[in-house]
Amino acid sequence: MQIDTANGWLRGVRHCPSTHFNARPAGADISLLVIHNISLPPGQFGTGCVQQFFSGTLDRDAHPYFAEIAELRVSAHFLIERDGTVTQFVSCHDRAWHAGQSCFEGRENCNDFSLGIELEGTDDQPFADAQYASLIALTRVLQRAFPPITRARITGHEHIAPGRKTDPGPCFDWARYLDSLTDTAPTDEGGI
């Protein structure tokens, strides 16, 4: 897995371009990584509905819950499925719509300066080993490309939108994830 620094798209992952993005504000840095979870329908995995949701093609009649969310314009930069498959929806250079109303260390509008990774999952189920492996590999690639993203600047949606969001939730093993990272990104390209 490798990032094309010219266009912000990763090589070695699936691409499913979303129209749910816009340009970052002029001069915005990319200095925060936000971890989320999502499943559609809620609690169901491997349906392909997350990809449809992020690309604006979700069939509102396919499930009762979809009628509530079909008109939302939401995206993330990346999705990691239960089997570890990584899909990219938005260039890292662009502003995906994943954080909503949010604040990190006193700085509002986290979408302006962050990258968003969605893990296929729920707040109350453990994540798969394959997801941690892909998340760690992806994070290392992103840290090399965007050095301001140190361990201290990796957070959960629940931390930047407390009271409004709860993901990635209590089943996400922060120690397992963060202990695998360093503030000095490795030099090998690695891969998944």
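Y177 is buried, with a relative accessibility of 0%. The model is predicted, and Y177 belongs to an aromatic cluster together with F127, Y132, F172 and W174.

**Aromatic residues**

- The structure contains 7 aromatic pairs.
- One of these joins F172 to W174 in an edge-to-face arrangement, with the ring centres 4.7 Å apart and an angle of 80° between the planes.
- F172 also pairs with Y177: the centres are 5.7 Å apart and the planes stand at 65°, so this pair is edge-to-face, the class for angles over 60 degrees.
- F172 is buried, because its relative accessible area of 5% falls under the 20% limit.

**Largest pocket**

- The largest pocket has a volume of about 560 Å³.
- Its lining comprises 26 residues, and N37, I38, F53, Y65 and K165 are those nearest the centre.
- Classified by residue type, the lining of this pocket consists of 11 polar, 10 nonpolar and 5 charged residues.
- Strand β5, spanning residues 32-38, makes the largest contribution to the lining, namely 3 residues.

**Surroundings of W97**

- W97 is located in the loop that connects β8 (94-96) and β9 (103-104).
- Beyond its neighbours within four places in sequence, W97 contacts T19, H20, F21, N22, R73, V74, S75 and N111.
- With N22, the W97 side chain forms a polar contact of 3.1 Å, side chain to side chain.
- R14 is 83 residues from W97 in sequence, and their C-alpha atoms are 19 Å apart in space.

Terms used. Residues are numbered from 1 along each chain as its sequence is written. This is a predicted model: local features need pLDDT of at least 70, side-chain atom pairs count only at pLDDT 80 or more; totals for chains, interfaces and linings use all residues. Side-chain values use heavy atoms; hydrogens and water are left out. Helices (H or I, at least four residues) and strands (E, at least two) are DSSP runs, numbered from the N terminus. Contact means heavy atoms within 4.5 Å. A polar contact is a pair of N or O atoms within 3.5 Å; within protein, one must be able to donate a hydrogen and the other to accept it, and residues adjacent in sequence count only if both atoms are side-chain atoms. On a 1 Å grid over the protein atoms alone, a cavity is a set of points where a 1.4 Å probe fits but cannot get out, and a pocket is an open set with protein on both sides within 12 Å along at least five of seven lines; lining residues have an atom within 4 Å of a point. Grid points are joined across faces, edges and corners, and a volume is the space filled by probe spheres set on the points. Ala, Val, Leu, Ile, Met, Phe, Trp, Tyr, Cys and Pro count as nonpolar, Asp, Glu, Lys and Arg as charged, and the others, Gly among them, as polar. Rings of Phe, Tyr and Trp (its six-membered ring) pair if their centres lie within 6.5 Å; planes under 30 degrees apart count as stacked, over 60 as edge-to-face and the rest as tilted. Buried means under 20% relative accessible area, exposed over 50%, partly exposed in between (1.4 Å probe, protein chains only).
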